[in-house]
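Hi,

Here is the structure I said I would pass on.

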Amino acid sequence: MRILLHIDDVEAWRDALAERLPEAEIVTADDPAERRRNADYLAVWKPSETLLAEQTRARGIVNLGAGVDALLNNPALPRDVPIVKLRDAGMSELIGDYVRYGVLHFQRDFDRYRRRQAQRTWHEYPLVDKRDWPVGVLGLGAIGAKVAAMVAADGFLVHGWSRSPKSLDGITCHHGDAGLAELLGRVRTLVLLLPGTRSTRHIVDAEALNALPEGASLINPGRGSLIDEVALLDALGEGESEGRLRGALLDAFAEEPLPADSPLWCHPRIWVTPHMAGPTPLGEAVDQVVEAIRALEAGEEVETVDPEAGY
C-alpha cells in the first residue's frame, strides 16, 4: 500500500503515519516522480494540479483539513474516488478560542481603546452586558456547533444558521433564506464557519452587510470565499472613523497568502491573521487518517464528501 502525503509539516506527518501504518510505503511530493506516482491513497492538503494528475490508481483521498473547496476545485482531481475529510480533529476548540477572543475584542471595546491609546486620550466606554451582545454563527456543522456552544457558555446569546433545520441546546437556530435575514438583523458580531461552496460564495455581500445592525462586527475563521471583500471595505468606510461595520477580524481570504497590495492589510479596522485560527493538531488528525485508510482498504463504509454539495 502506497500513500502519497502532501502537507506543510510533512516530516512530522510522515513519521507519525509510518509509526501507525508500518505496512505502508509513504511518499511525498519531494520524492522522485517515479516513486510518488500511482499511490493507492492520498493524504493531502491543497495539492498541486501536477501532483494530482500523476495519480491514476488512487482508491481514496483523505483531505487533511475540514475545508475541501481547494481540493474539489483542482482540475486534476481524480473522479469517482471517495474523499474523506477530517472531522474536527481538535480544530474546533482552537477556532472557538479565536472566535471568543474576537467577540470579546469588540464587546469590551479593545478596538476603540487601541485607537484612544494612539490619541493619548483617557476615555472609558460604557460596558455592554454579554446578554445584550448577541452573536451569530453561520454554519452549524461539527466545528460551528462546537464554537457556538463555547461562545454561549461564556454568557453570550448565540444565534446559529444552517441551510436545513437544526436544534442545538442553548442556541437559537435559524435556517433558510428567511432565517438568515432574521439572524443578520439581530446580531452584533457575525461569525462565519460555513464551507466554501457555490451556494455560500459571497454569502456576506453588500445586502447582508447592510442587514446587520449599525456598528456590528465580523469574524471570519472559515473560508475566504464567503465574503465579498469589496463590499466589506465599503461597509467599513475609510480611515479610523467607524462606518456601518465597526470592524472585522479575518483569518481567511479569497486569495491566500493575502497579496501584499491588498487594501485589507492596511485598513485600520481590519485585523488580519494568516489562516491560523484552527491548525490541525497532529495526533488526533493522524488517528482519523489511519482510521479512514484502514476502512477504505477493508471496503468498509465511510462518510465521504459530496462533490456536488461541496462538503
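**Helix packing, aromatic pairs and some backbone notes**

α1 and α11 make a right-handed crossing, where right-handed means that the near helix is turned clockwise from the far one by less than a right angle, and left-handed means anticlockwise. Before I go on, the housekeeping: this is a predicted model, so local features need pLDDT of at least 70 and side-chain atom pairs count only at pLDDT 80 or more, while totals for chains, interfaces and linings use all residues. Residues are numbered from 1 along each chain as its sequence is written, and side-chain values use heavy atoms, with hydrogens and water left out.

Helices (H or I, at least four residues) and strands (E, at least two) are DSSP runs, numbered from the N terminus.

Back to that first crossing. Helix α1 covers residues 10-20 and helix α11 residues 282-297; their axes come within 10 Å and cross at roughly 50 degrees. The axes are lines fitted to C-alpha atoms, for helices over the stretch in contact, with angles running from 0 to 180 degrees between N-to-C directions. That angle makes α1 oblique to α11; under 35 degrees would be roughly parallel, over 145 roughly antiparallel and 65 to 115 roughly perpendicular, with the rest oblique. On the α1 side the contact (heavy atoms within 4.5 Å) involves Ala-12, Trp-13, Ala-16, Leu-17 and Arg-20, and among their partners in α11 are Leu-282, Val-286 and Arg-294. By class, this contact has 9 nonpolar, no polar and 3 charged residues. Here Ala, Val, Leu, Ile, Met, Phe, Trp, Tyr, Cys and Pro count as nonpolar, Asp, Glu, Lys and Arg as charged, and the others, Gly among them, as polar.

What about α5 and α7? Helix α5 (residues 91-107) packs on helix α7 (residues 142-153) at about 45 degrees, with the axes 9 Å apart, and the two are therefore oblique to each other. α5 passes α7 in a right-handed crossing. The α5 residues that meet α7 include Met-91, Ile-95, Val-99 and Arg-100, and α7 brings Ile-143, Lys-146, Val-147, Met-150 and Val-151. The residues of this contact divide into 7 nonpolar, 2 polar and 4 charged.

Now the rings. There are 2 aromatic pairs in the structure, counting rings of Phe, Tyr and Trp (its six-membered ring) with centres within 6.5 Å; planes under 30 degrees apart are stacked, over 60 edge-to-face and the rest tilted. Phe-106 and Trp-271 have ring centres 5.9 Å apart and planes at 80 degrees, so this pair is edge-to-face. It links distant parts of the chain, with Phe-106 in α5 and Trp-271 in strand β12 (residues 270-272), 165 residues apart. Phe-106 is buried at 0% relative accessible area, whereas Trp-271 is partly exposed at 24%; buried means under 20%, exposed over 50% and partly exposed in between (1.4 Å probe, protein chains only). The other pair, Tyr-113 with Tyr-125, is edge-to-face too, at 5.3 Å centre to centre and 70 degrees between the planes.

Finally, the backbone. The peptide bond from Glu-256 to Pro-257 is cis, with omega near -5 degrees, and Pro-257 sits in the loop between β11 (245-250) and β12. Arg-120, in the loop between α6 and β6, has a positive phi near 55 degrees without being a glycine, and is exposed at 78% relative accessibility. His-202 also has a positive phi, about 55 degrees, and is not a glycine; His-202 is partly exposed at 27% relative accessibility.
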